[in-house]
Amino acid sequence: MSSKLETVGIAKRYGEAVALEPTDLTVQAGEFLTLLGPSGSGKTTLLQMISGLVSPSEGRIEIDGRDVTHVEPGKRGIGMVFQSYALFPHMSVWDNVAYGLRMRRKSREQTREAVDGALAMVRMSEYAKRFPKELSGGQQQRIALARCFAYRPSVILLDEPLGALDKKLREHMQAEIRRLHKELGATFVYVTHDQDEALTLSDRICLMNHARIEQVGTPVDLYDRPATRFAAGFIGHSNLLEGAVGEARGAGGEAILLAAGGRVPLPEPAQPGLKGCLLVRPEAPRLVEPKQGYFDGTVSDIVFFGSDTRVQLTLSDGSQINVRCERSLKPRLGDTVGLTWDPHRTTLLSA
Ligand SMILES: Nc1ncnc2c1ncn2[C@@H]1O[C@H](COP(=O)(O)OP(=O)(O)O)[C@@H](O)[C@H]1O
Ligand SMILES: [Mg+2]
């Protein structure tokens, strides 16, 4: 069961301080949407207003078209999971998971079925009799998930739920959360400041910065077509080549960006004179012989990454560009190389 979620001009101020500017966001039924952004960008504020734990200064929240702005948290059909597991230490795992169902006055039979089902789903059935202190951090987080899933909310809000786990376990739990989202079919709104986590988990990402939405799109949209410098810098590795759009060479009408001494084709025509920067992801360039590419650079650093090699090139004006190379290519420190790429793999961002 899943619900469509919509915020309409929702905003939060604490005195003079703006925690969230008026924000419109739609999350489709069954979607996995991630709020991604640096610390303090308003992610938790937005999530807590959806849950009902924080009341908005203005705007409204709709679930399946129904205005729930003034509905109390327990009656919105929403489940929440936080970074701190907040399990009751004096209750067994089973009783922790049953808690929400008892609060909702479910029958004994319904409760037993739901708790056993939720524990099976997070693969913790054999731990039912233990107490929270007898579990690892990852196991406690599974119980927190089970407790939320047990009463089958149609919208589930998760605020940095894996933030306290180490990297290996976090990656494992990411795969688990993806599986659980599919199994439950509920609408998930997930908060993280970790771009890799957002890219791997989400159907769509809502990128936030300074109390507002910067860009909303699929992981591929945000990676391939970032709308702003902030988006380009926050997601993935990026080279930003500063310049201005110059006259096209020849008749084709294709505009050229004058970068650090080179002429570089643009992905699409742009206004001559426009100042901006060209985003070039490290995997786009190909290394060629000197003078055979758009411009030359000198190899100033080489870092081995296992599957590939990261090569840093210094250009004539002292700026740098990072290129991911296949291992078969063996540039050496101090070599001069040319650079070329498919213009359609780059993005022009205006200043
Ligand atoms: N209860 C509060 N009182 C005052 N300011 C708050 C309160 N909660 C959040 N803020 C401020 O609102 C901004 C957004 O916070 P938050 O939503 O927690 O960001 P995030 O979850 O993205 O790290 C921050 O500047 C924070 O200090
Ligand atoms: Mg937060």
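A polar side-chain atom of Thr45 sits 2.5 Å from an oxygen atom of ligand 1, a polar contact being a pair of N or O atoms within 3.5 Å. This is a predicted model, in which local features need pLDDT of at least 70 and side-chain atom pairs count only at pLDDT 80 or more, while totals for chains, interfaces and linings use all residues. Residues are numbered from 1 along each chain as its sequence is written, and side-chain values use heavy atoms, with hydrogens and water left out.

| Residue | Atom type | Distance to an oxygen atom of ligand 1 |
|---|---|---|
| Ser41 | polar backbone atom | 3.1 Å |
| Lys43 | polar side-chain atom | 2.8 Å |
| Thr45 | polar side-chain atom | 2.5 Å |

Taken alone, ligand 1 exposes 560 Å², and the protein buries 56% of that (Shrake-Rupley method, 1.4 Å probe). The residues surrounding ligand 1 include Tyr14, Ala19 and Pro38, each with a heavy atom within 4 Å of the ligand. Helix α1 (residues 43–51) gives the most to this shell, with three residues; helices are DSSP runs (H or I) of at least four residues, and strands are runs (E) of at least two.

Elsewhere, five strands form an open, antiparallel sheet in the order β15-β19-β16-β17-β18, where pairing requires at least two DSSP bridges between two strands. Its edge strands are β15 (286–288) and β18 (320–325). Three bridges join β15 to β19 (residues 336–340), and Val288 stands opposite Gly338 in β19.

Strands β9 (residues 204–209) and β10 (residues 212–217) run antiparallel, joined by five bridges. Asn209 has Arg212 as its bridge partner in β10. Two residues separate the strands of this hairpin, and His210 in the turn has a positive phi of about 50°.

Methods:
Chains are lettered from A and ligands numbered from 1 in the order in which they are written. A polar contact is a pair of N or O atoms within 3.5 Å; within protein, one must be able to donate a hydrogen and the other to accept it, and residues adjacent in sequence count only if both atoms are side-chain atoms.
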